[in-house]
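Q: Please take a close look at the annotated domain of this protein. I am new to the structure and would welcome a connected account of its backbone and of the surroundings of the ligand.

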Amino acid sequence: MENIEALREEVLAEVQKAVDLAALEDIRISALGKKGRITGLMKNLGKMDPDQRREFGQALNALKDQVASALDMRKGDLENAALEARLTGERIDVTLPSRPDESAGRIHPISQTIDEIVSIFGEMGFALAEGPDIEDDFHNFTALNIPPEHPAREMQDTFYLPEGEDGSRLVLRTHTSPVQIRTMQSKTPPIRIIAPGRTYRSDSDMTHTPMFHQVEGLVIDKKTHMGHLKGCLLEFVKTYFELDEVPVRYRPSFFPFTEPSAEMDIGCSRKGGELKIGAGDDWLEILGCGMVHPRVLAACGLDPEEYQGFAFGMGIERIAMLKYGIPDLRTFFDTDLRWLKHYGFVPLDVPNMVRG
Ligand code: 2U9
């Protein structure tokens, strides 16, 4: 018993004096390990008579528990002290710029351009509208005053799905205009929407891909006129190209769904083979537009005597190429990661109207 008491004092004092975790581990092994001092006393139990063994055994077990919990406590204290020392010793320089994350993804220029356009028109009170890529003949052609013999309806220009049982053929939408048709059918004016998305045409060369992106806008109200169209589109090109002033001109054009129709050009210079937008003696076609044809309004159940409005449309790849200096349309769809690293946008670091 005296042995046990002496050992208790000795081991507990050692535990308290341990300066680090390695010293503590040595103490644990020397007390509780296979050849440890407490383990050594345990081995003596076999030689004792039953009464003595019970008394001695209980005392030894209590000692073992006490030493184990003292070791645990000291371990916790030493770990806390080590952490405390690290925290006071190490300083984090919060002003250091972060390392570029090589594995971080990029926002595709198409997505970036759509976000920019939607946000510019959003500021002007336009709502985002979306619709299906697979459309019926009515929403893609008929309601848009596209006559049966129009070349846009031909197989060479449009992707048709296999004929249905009733002889009807669904199409991959050739423009996002069906989205506006669906909106006019389901909502009463005033309507102000912007409809970006994928469109499909059976066309493939240097400047055409079978799938491309368009954004179209539509404004319908009782007294919406061409002046609204011009003000709205001028505001858009100035904001999109980040210019205070942009010369614009409208050339007469033709679309089945608008009357009158026009193409909008912006001033530019092409001196020395370099395109500069916003000034100069040259012009660059940017979008098509016009007043919604009365037959289109009527096809959507709106009275052309009561309502009128304007619409416009542009190719997203084209205006992304102009703003971001991307020379080849087909590279948009090559899924080349090096291209995306070069032309893509770092999330949270994209240009916007607030930060520029
Ligand atoms: C409705 C009524 C009218 C949308 C318009 C254009 C002119 C146009 C082209 C630009 C380049 C398509 O991507 S492109 O090839 N679009 O010039 N789009 S007016 O007019 C509409 C749309 C919907 C109900």
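A: Glu-242 counts as exposed because its relative accessibility is 53%, and the threshold for that term is over 50%. In this predicted model, Glu-242 is placed in the loop between α8 (226-240) and β6 (248-255). Its phi is near 55°, a positive value in a residue other than glycine.

Asn-145 likewise has a positive phi, of about 65°, although it is not a glycine. This residue belongs to the loop between α6 (137-140) and β3 (171-172). With a relative accessibility of 17%, Asn-145 counts as buried, since that term applies under 20%.

Two peptide bonds also deserve attention. The bond from Pro-189 to Pro-190 is cis, with omega near 5°, and Pro-190 is found in the loop between α7 and β4 (191-200). Glu-259 and Pro-260 are likewise joined by a cis peptide bond, with omega about -5°; Pro-260 is located in strand β7 (residues 258-269).

The wider setting can now be described. An unreviewed UniProt entry places the feature "domain: Aminoacyl-transfer RNA synthetases class-II family profile" at residues 117-347. This span is 25% helix and 29% strand, and its end C-alpha atoms lie 17 Å apart. A separate domain assignment divides the protein chain into domain 1 (2-89) and domain 2 (109-343). The centres of domain 1 and domain 2, taken over C-alpha atoms, are separated by 81 Å.

The ligand has 20 residues around it, of which Gln-214, Phe-255, Phe-257, Gly-288 and Gly-313 come nearest. Among these, Gln-214 has a polar side-chain atom 2.9 Å from an oxygen atom of the ligand. Gly-288 takes part through its backbone, where a polar atom is 3.5 Å from an oxygen atom of the ligand. At Gly-313, a backbone N or O atom lies 3.4 Å from a nitrogen atom of the ligand. The ligand exposes 570 Å² when taken alone, and the protein buries 86% of that area.

The greatest contribution to the shell is that of β10, with 5 residues. By residue type, the shell holds 11 nonpolar, 7 polar and 2 charged residues.

Note on methods:
Residues are numbered from 1 along each chain as its sequence is written. This is a predicted model: local features need pLDDT of at least 70, side-chain atom pairs count only at pLDDT 80 or more; totals for chains, interfaces and linings use all residues. Side-chain values use heavy atoms; hydrogens and water are left out. UniProt positions are given in the numbering used here, feature names are shortened, and annotations may be inferred rather than shown by experiment. Helices (H or I, at least four residues) and strands (E, at least two) are DSSP runs, numbered from the N terminus. A residue is near a molecule or strand if one of its heavy atoms lies within 4 Å of it. A polar contact is a pair of N or O atoms within 3.5 Å; within protein, one must be able to donate a hydrogen and the other to accept it, and residues adjacent in sequence count only if both atoms are side-chain atoms. Accessible areas come from the Shrake-Rupley method with a 1.4 Å probe; for residues, only the protein chains shown count as cover. Ala, Val, Leu, Ile, Met, Phe, Trp, Tyr, Cys and Pro count as nonpolar, Asp, Glu, Lys and Arg as charged, and the others, Gly among them, as polar. Domain bounds come from an automatic or database domain assignment. Buried means under 20% relative accessible area, exposed over 50%, partly exposed in between (1.4 Å probe, protein chains only).
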